[in-house]
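Please read the following briefing alongside the sequence and the coordinates.

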Amino acid sequence: MKLDMALLHAVVAVAKAGGFREAARVTGSNPSRLSDAVRRAEQQLGVRLFNRTTRTVALTEVGRMLMERLLPAMNEMESALDDINRYRDTPAGTLRLNVPISAARLVLPALVPGFLARYPDIRLDVVAESNVQDVFRDGCDAGIRYEERLEQDVIAIPIGPREQRFALAASPDYLARHGSPEHPKDLIHHRCIQGRFASGIVPEWEFEKAGESVNVQPGGQLLVSIGGAVDLGVETAIAGGGIIYLFEQWLQPTFDSGRLVPVLPEWWLTFSGPWLYYPDRRLIPAPLQAFIDFVREKQAAVSPVLQGVMQQD
């Protein structure tokens, strides 16, 4: 029995993702196209592979049996193609990264243009979101995270600046009208622009000075989702709507222009920079290996001290 490989890939994608919408997000396709591919696969095979309702998509018994036989074979096929890819002069294929929105804004712009120029046959698919999740489960090859968010049993290499700070800032107009806080605890009396994770958590603002740590849960009129709506928070702060606490690198252009000014800089929290991490496995896909090598090269050029650290990974 012959079946178009593209249809098989669609079936596998839907089975792995547990639904058409999520499979479309992972593969870069769209739900209706995947649904049509699965329907045509079922017609050619003469069996139903999925039970569908308005809320769920689940494998039938025969569908589960097919996946048990098919997945190992397709994984072996992908490994074989990766092996062949290693003999090419220029690696080809798709590299899918899951990164925080902050990394998409502050880390990747210094890397992506040069990487794509060097490897014209690689397609880079970047998923940027504020919700921390298991990136490998969602079909990504690697991710960028900070130390406290790293998965277990992964390989991690430095990427981007090795030290970062959160910066507290307000517009000159706001400070003229409301005064400048003299201590982080004074922020409870100010209008503060807070962020909220996709999980619903509104994090406290953390400060540190000479070994003293202070956590503050400020109040204010504006609450924005961390990631997608942060620029709204910045623009509101520029307009005099309150005090904001964000990556220093993100706010630096507003400091340079004078639209925002630093507040309590001696209390800004310093933390270690992000890491590129990927599964500890024998065969690394060629596009990912090319990106790893590119990142190592750029990090070593910026900070030769890191070269020895990265060679140990």
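## Strand pairing and helix packing

Strands β6 and β15 pair in the antiparallel sense, and five bridges hold the pairing. The model is a predicted one, and the protein in it has eleven helices and 15 strands. Of its 313 residues, 41% are buried, and among contacts between residues at least 6 apart in sequence, 72% join residues at least 24 apart.

- The pairing of β6 with β15 belongs to an open sheet of five strands, whose order is β4-β3-β5-β15-β6 and whose pairing is mixed.
- The edges of this sheet are formed by β4 (122-128) and β6 (154-158), each of which pairs on one side only.
- On average, and with direction ignored, neighbouring strands of the sheet are turned by 25 degrees against each other.

**Parallel pairings of β3**

- Strand β3 runs parallel to β4, to which seven bridges join it, and within this pairing Leu95 has Leu124 in β4 as its bridge partner.
- Strand β3 (residues 93-99) also runs parallel to β5 (residues 142-145), and here two bridges join the strands.
- Strand β3 is mostly covered, with five of its seven residues buried.

**Antiparallel pairings of β15**

- Strand β15 (residues 275-279) is mostly covered, and five of its five residues are buried.
- Three bridges join β15 to β5, and these two strands run antiparallel.
- Trp275 in β15 is the bridge partner of Arg145, and Trp275 in β15 is likewise the bridge partner of Pro158.

**Packing of α1 against α3**

- Helix α1 (residues 5-17) packs with helix α3 (residues 31-45) at an angle of about 115 degrees, and their axes are 8 Å apart.
- The two helices α1 and α3 are therefore roughly perpendicular to each other, and their crossing is left-handed.
- On the α1 side the residues that meet α3 are Leu7, Ala10, Val11 and Val14, and on the α3 side they are Leu34, Ala37, Val38, Arg40, Ala41 and Gln44.

**The buried side of α8**

- In helix α8 the residues Val230, Gly233, Val234 and Ala237 are buried, and because they cover an arc of only 100 degrees around the axis, they lie on the same side of α8.
- An α-helix has 3.6 residues a turn, so residues three or four places apart point the same way.
- The elements that cover the buried residues of α8 include β8 (192-196), β11 (223-225), β12 and α9.
- Just after α8, Gly240 takes a positive phi of about 90 degrees.

**The buried side of α9**

- In helix α9 (residues 248-257) the buried residues are Trp250, Leu251, Thr254 and Phe255, and because they cover an arc of only 130 degrees around the axis, they are placed on the same side of α9.
- These buried residues of α9 pack against α5 (101-106), β7 (163-170), α8 (230-238), β12 (243-247) and β13 (261-262).
- Just after α9, Gly258 takes a positive phi of about 85 degrees.

- When residues up to four places away in sequence are not counted, Phe255 touches Ala167, Leu168, Ala169, Leu260, Val261, Pro262 and Trp268.
- The C-alpha atoms of Phe255 and Ala170 are separated by 9.8 Å, although these two residues are 85 residues apart along the chain.

Definitions and conventions. Residues are numbered from 1 along each chain as its sequence is written. This is a predicted model: local features need pLDDT of at least 70, side-chain atom pairs count only at pLDDT 80 or more; totals for chains, interfaces and linings use all residues. Side-chain values use heavy atoms; hydrogens and water are left out. Two strands pair if DSSP finds at least two bridges between them. Helices (H or I, at least four residues) and strands (E, at least two) are DSSP runs, numbered from the N terminus. Axes are lines fitted to C-alpha atoms, for helices over the stretch in contact, and angles run from 0 to 180 degrees between N-to-C directions. Buried means under 20% relative accessible area, exposed over 50%, partly exposed in between (1.4 Å probe, protein chains only). The arc is that of the directions from the helix axis to the C-beta atoms. Contact means heavy atoms within 4.5 Å. Angles under 35 degrees count as roughly parallel, over 145 as roughly antiparallel, 65 to 115 as roughly perpendicular and the rest as oblique. A crossing is left-handed if the near helix is turned anticlockwise from the far one by less than a right angle, and right-handed if clockwise.
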